[in-house]
Amino acid sequence: MQPTGLIRVVAALACACVCAVSASAQKPGREVVVISDLHLGVGKAPDGTWQPTEDFRWPRALQGFLDAMSSRGKDAVDLVIAGDFVELWQPPAEVKCAPVSADLGCTVDEMLAVAAVVAREHAGELAALRAFAAKGDNRVYLVPGNHDAGLLVDAVWEQFSGPLGVGNGRIVLVPSGVWASADGRIVVEHGHQIGADVNGYPEWPRIVRTQDGKQYVPRSWGEQFVQSLFNAQEAAYPTIDNLSPESAGARYRMADRGLWGSAADMARFVAFNLFETSATQKRKALGAPTAHDDPRTRWNVDLARDAGHRLFGAALPANDPFKAELAADNAQSAELRRALDSLAKDPARMPDADIRALCDLASATAADGWKLCRPAALGAMLESQFVPLRSVLSSHLAGRSKEHKGMSIFIYGHTHAMQPRWGLSLANGARIDVLNTGAFQRLVDEEGFLSRIPTGSSAAETLRRLSPEDLAPCYGVVTVSYAGGQPDPKAQLWWMPEASAEGRLISVGDPRCK
């Protein structure tokens with residue numbers, strides 16, 4: 001349980017001291033290294049084989065990476081782990097986490113039991129981080145994400161803080177969920193609170209709710225989805241959540257076995273699937289906007305909302321199994337269309353920025369998709385870029401810049417889809433460089449996955465056969481070095497096979513990571 005009374009006061013004072021020590025050590029101009037989404041989970045079964053839900057099987061790659069980054073930064077590195085460091089959404093079989101309602105997950109005691117298993121199974125990785133932080137003037141900052149939001153519960157954090165050795169102030173939990181460099185130029189968060197993300201927490205970073213005398217960790221719709229699909233399917237489809245974006249694996253599973261769950265759940269996933277577009281599409285999307293490329297005026301949002309399921313259908317690629325299902329003449333598809341109509345009309349679940357993003361997608365995907373949103377000026381429609389991510393992030397970063405006025409670099413993770421540096425101009429004139437770390441995980445994008453399908457086989461069969469060990473030993477990272485006093489961010493990949501004695505940073509797109 002969480003400490004109360006005098007215990008909580010003492011704990012708060014101790015944390016304040018640790019944070020003060022850390023802040024004084026966080027000097028401007030230090031080498032900054034950002035990784036995310038390791039998902040250290042429940043480890044191995046008693047027979048020594050990996051549990052199906054365990055994603056992090058790469059302790060040697062992590063150790064090699066930490067050693068290399070410490071050497072690169074002359075033992076004066078700020079390592080920021082931008083969320084989902086540990087996996088608390090996939091409990092071991094003995095911890096049931098049977099919720100009393102759809103929006104409540106594990107009790108605090110159950111979350112504590114999950115954390116104890118993860119800490120035990122990944123004692124080596126925790127020790128490696130502790131040793132990294134003990135070198136020279138290195139520091140580690142842990143930013144909670146959606147899969148490890150439980151770290152914000154004192155008792156859960158204590159399962160990791162002991163093995164990590166946080167008492168010396170060199171490893172710090174960032175309870176706000178937002179880390180900023182000492183000079184204020186670099187801002188890092190996980191990303192699940194951006195826009196109307198299905199993994200967001202409405203009262204973030206407050207994540208504990210009391211009901212009937214028990215404390216629970218609220219369960220987002222995204223967590224419900226992960227537990228109902230990914231957790232149940234990983235034994236049959238070992239790499240279902242190793243595809244980038246994460247929604248890709250679920251689509252191929254659906255093509256194999258059909259729809260699942262309620263129409264409302266499927267409607268939300270169709271939207272999630274659209275916003276989790278492939279890395280290739282995103283790179284095409286992030287070109288510089290035209291002079292009149294203003295998402296606030298380009299589309300008629302009210303008309304787009306009225307288009308409902310037709311807007312979603314236009315935005316889906318021609319070969320997407322959801323597009324075929326949406327157009328099918330059966331009761332299940334009709335119910336899905338009604339659920340999408342309802343979703344489009346609900347500003348709480350689909351803010352205006354998300355509707356504009358759907359319009360961008362529809363105009364880029366379907367020849368007449370723009371007609372569903374009626375552009376304010378035809379010329380703007382004809383020249384507009386495919387910029388859904390720009391629309392959503394502009395709104396989010398406008399809010400962040402009020403608190404972090406010196407922000408010029410924004411780094412996040414969460415989507416598992418690495419994005420090299422691209423620029424975003426805010427209404428206040430600020431220019432922000434945006435990067436996504438991808439994940440410190442073995443992943444494969446859709447192009448790479450499809451290239452692995454043997455002749456005569458299917459995507460579903462390949463998804464069943466492929467294991468994480470079959471994927472390239474490449475892990476996402478963003479480094480920020482200071483040159484002439486200016487921060488220079490760069491998205492890269494750490495390449496290191498588990499059998500190798502050393503690894504190296506390589507460029508995004510390197511053929512070794514296909």
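Student: Which residues in helix 2 are buried?

Tutor: Heads-up: this is a predicted model, where local features need pLDDT of at least 70, side-chain atom pairs count only at pLDDT 80 or more, and totals for chains, interfaces and linings use all residues. Residues are numbered from 1 along each chain as its sequence is written, and side-chain values use heavy atoms, leaving out hydrogens and water. Buried means under 20% relative accessible area, with exposed over 50% and partly exposed in between (1.4 Å probe, protein chains only), while helices (H or I, at least four residues) and strands (E, at least two) are DSSP runs numbered from the N terminus. On that basis, the buried residues in helix 2 are A61, L62, G64, F65, L66, M69 and S70.

Student: What do the buried residues of helix 2 pack against?

Tutor: Packing here goes by contact, meaning heavy atoms within 4.5 Å. One of the partners is a helix, namely helix 4 (123-134). The strands in the list are strand 1 (31-35), strand 2 (77-82), strand 15 (474-483), strand 16 (486-495) and strand 17 (504-507).

Student: Which residues have the most contacts inside the largest nonpolar core?

Tutor: A nonpolar core is a set of buried Ala, Val, Leu, Ile, Met, Phe, Trp, Tyr and Cys residues joined through side-chain atoms within 4.5 Å. In soluble globular proteins, nonpolar side chains tend to be buried together. In this model the largest such core has 55 residues, and the ones with the most contacts inside it are F65, L79 and F160.

Student: Which helix gives the largest share of this core?

Tutor: The largest share is 6 residues, and they come from residues 108-121. That stretch has V108, M111, V114, A115, V117, V118 and A119 buried. Its buried residues pack against strand 3 (104-107), helix 4, helix 5 (154-164) and strand 9 (214-218).

Student: Are the rings of F65 and W494 stacked or edge-to-face?

Tutor: Rings of Phe, Tyr and Trp (its six-membered ring) pair if their centres lie within 6.5 Å; planes under 30 degrees apart count as stacked, over 60 as edge-to-face and the rest as tilted. By this rule there are 6 aromatic pairs. F65 and W494 have ring centres 5.7 Å apart and planes at 70°, so the pair is edge-to-face.

Student: How many residues apart in sequence are the parts that this pair ties together?

Tutor: W494 is buried too, with a relative accessible area of 2%. Ring pairs also link F65, F440, Y475 and W494 into a cluster. F65 lies in helix 2 and W494 in strand 16, so the separation of the parts in sequence is 429 residues.

Student: Do strand 6 and strand 7 pair in the parallel or antiparallel sense?

Tutor: Two strands pair if DSSP finds at least two bridges between them. Strand 6 (residues 178-180) and strand 7 form a hairpin with 5 residues between them, and W179 stands opposite V188 in strand 7. They have 3 bridges, and the sense is antiparallel.

Student: What is the bridge partner of V187 in strand 11?

Tutor: Strand 7 pairs with strand 11 in the parallel sense over 3 bridges. Over in strand 11, the partner of V187 is F410.

Student: Which side chain does the side chain of H414 make a polar contact with?

Tutor: H414 is found in the loop between strand 11 (409-412) and strand 12 (419-425), and with a relative accessible area of 8% H414 is buried. A polar contact is a pair of N or O atoms within 3.5 Å; within protein, one must be able to donate a hydrogen and the other to accept it, and residues adjacent in sequence count only if both atoms are side-chain atoms. At 3.2 Å, the partner is the side chain of H190.
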